[in-house]
Amino acid sequence: MPAPKNRPQLSNDVRDRMGVYKQINAVPDKYRLQNHEAAYSGRDVWADYFEEKTEKFDTKSTRDRYEKAGRYFKTYMDDVGRHHALADPQQIKDFLVALRDGNVGRHSHSRKLQTVYFEYFQPLEEFYNWLQWHADHPHVYHPVLMAVVAGGFSRDVWDRKLEQNDKR
């Protein structure tokens, strides 16, 4: 079903959905997320996000999907030695590829593009949107969208998102 004519449409160009910084090398060192590692030590920021998300959309399927996405992402980020709220675009790209290739999760099986998009990318993109819009977090750039700008499988996942949204 097409969107109503009076409803504004988001651009399909990922760069239009980002702030000033489109690539990590454009972010001044003082704004880089890794500078905040000490402040995030021991904090489960995904749990705060999950609580707020599931207050609005409290269904078993939403709770299960976001819990699993968070658990897998937090474990992955722990394994690479970075807090889950402070990922860089390369870590996002590597996480998505690891999901696709079956290198993340208990059952270690490859995943289809739709699964990576819906089960993991969508919650992760929303998590970083949430971080950017909460003043108590220092997020002035979006590593998930930067990963899309960089191309590769992250871009394939973004294209799947656009394709799916065009069908609505």
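# Helix packing around H5

Helix H3 contributes Arg-65, Tyr-66, Lys-68, Ala-69, Tyr-72 and Phe-73 to a contact whose H5 side consists of Phe-118, Glu-119, Tyr-120, Gln-122, Pro-123, Leu-124, Glu-126 and Tyr-128. By class, the residues of this contact of H3 with H5 comprise 9 nonpolar, 1 polar and 4 charged. The model is a predicted one.

**Overall fold**

- In sequence order the chain reads α-α-α-α-α-α-α.
- The radius of gyration is 16 Å, close to the 15 Å that the globule rule gives for 168 residues, so the chain is as compact as a globular protein of that length.
- Along the principal axes, the C-alpha atoms occupy a box of roughly 45 × 40 × 35 Å.
- Buried residues make up 42% of the 168 residues of the chain.
- Among contacts between residues at least 6 apart in sequence, 66% link residues at least 24 apart.

**Packing of H3 against H5**

- Helix H3 spans residues 60–80 and helix H5 spans residues 113–132; the two pack at an angle of about 80°, and their axes are 9 Å apart.
- This angle makes H3 roughly perpendicular to H5, because angles of 65 to 115 degrees fall in that class.
- Glu-67 is also located in helix H3, and its relative accessible area of 35% makes Glu-67 partly exposed.
- The C-alpha atoms of Glu-67 and Pro-123 are 9.5 Å apart in space, although 56 residues separate the two in sequence.

**Packing of H5 against H6**

- The axes of H5 and H6 lie 8 Å apart, and the helices pack at an angle of about 120°.
- H5 is therefore oblique to H6.
- On the H5 side the contact is made by Phe-121, Leu-124, Glu-125 and Tyr-128; on the H6 side it is made by Pro-143, Val-144, Leu-145 and Val-148.
- The residues of this contact of H5 with H6 are 7 nonpolar and 1 charged, with no polar residue.
- Leu-124 and Tyr-128 of H5 are in the contact with H3, and Leu-124 and Tyr-128 are also in the contact with H6.

**Helix H5: kink and burial**

- H5 has a kink of about 40° at Phe-121, shortly before the proline Pro-123.
- The buried residues of H5 are Val-116, Tyr-117, Tyr-120, Phe-121, Gln-122, Pro-123, Leu-124, Glu-125, Phe-127, Tyr-128, Trp-130 and Leu-131; the kink site Phe-121 is therefore one of the residues with under 20% relative accessible area.
- The elements that cover these buried residues include helix H2 (45–56), H3, helix H4 (89–101), helix H6 (143–150) and helix H7 (153–166).

- Ile-92 belongs to helix H4 and is buried, with a relative accessible area of 0%.
- Beyond residues up to four places away in sequence, Ile-92 touches Phe-73, Ala-87, Leu-124, Tyr-128, Pro-143, Val-144 and Ala-147.
- Ile-92 and Leu-124 lie 32 residues apart in sequence, and their C-alpha atoms are 9.0 Å apart in space.
- Ala-87 sits in the loop between H3 and H4 and counts as buried, at 0% relative accessibility.
- With residues up to four places away in sequence set aside, Ala-87 touches Leu-33, Phe-73, Met-77, Arg-82, Ile-92, Tyr-128 and Pro-143.
- Between Ala-87 and Arg-160, 73 residues apart along the chain, the C-alpha separation is 22 Å.

- Leaving aside neighbours within four places in sequence, Ser-154 contacts Lys-93, Leu-96, Ala-147 and Val-148.
- Asp-13 lies in the segment before helix H1 (37–40) and counts as partly exposed, at 34% relative accessibility.
- Asp-13 and Leu-162 are 149 residues apart in sequence, yet their C-alpha atoms are 9.7 Å apart in space.

Notes: Residues are numbered from 1 along each chain as its sequence is written. This is a predicted model: local features need pLDDT of at least 70, side-chain atom pairs count only at pLDDT 80 or more; totals for chains, interfaces and linings use all residues. Side-chain values use heavy atoms; hydrogens and water are left out. Axes are lines fitted to C-alpha atoms, for helices over the stretch in contact, and angles run from 0 to 180 degrees between N-to-C directions. Helices (H or I, at least four residues) and strands (E, at least two) are DSSP runs, numbered from the N terminus. Angles under 35 degrees count as roughly parallel, over 145 as roughly antiparallel, 65 to 115 as roughly perpendicular and the rest as oblique. Contact means heavy atoms within 4.5 Å. Ala, Val, Leu, Ile, Met, Phe, Trp, Tyr, Cys and Pro count as nonpolar, Asp, Glu, Lys and Arg as charged, and the others, Gly among them, as polar. The bend at a residue is the angle between axes fitted to the seven residues ending there and the seven starting there. Buried means under 20% relative accessible area, exposed over 50%, partly exposed in between (1.4 Å probe, protein chains only). The radius of gyration is taken over C-alpha atoms; the globule rule is 2.2 Å times the number of residues to the power 0.38.
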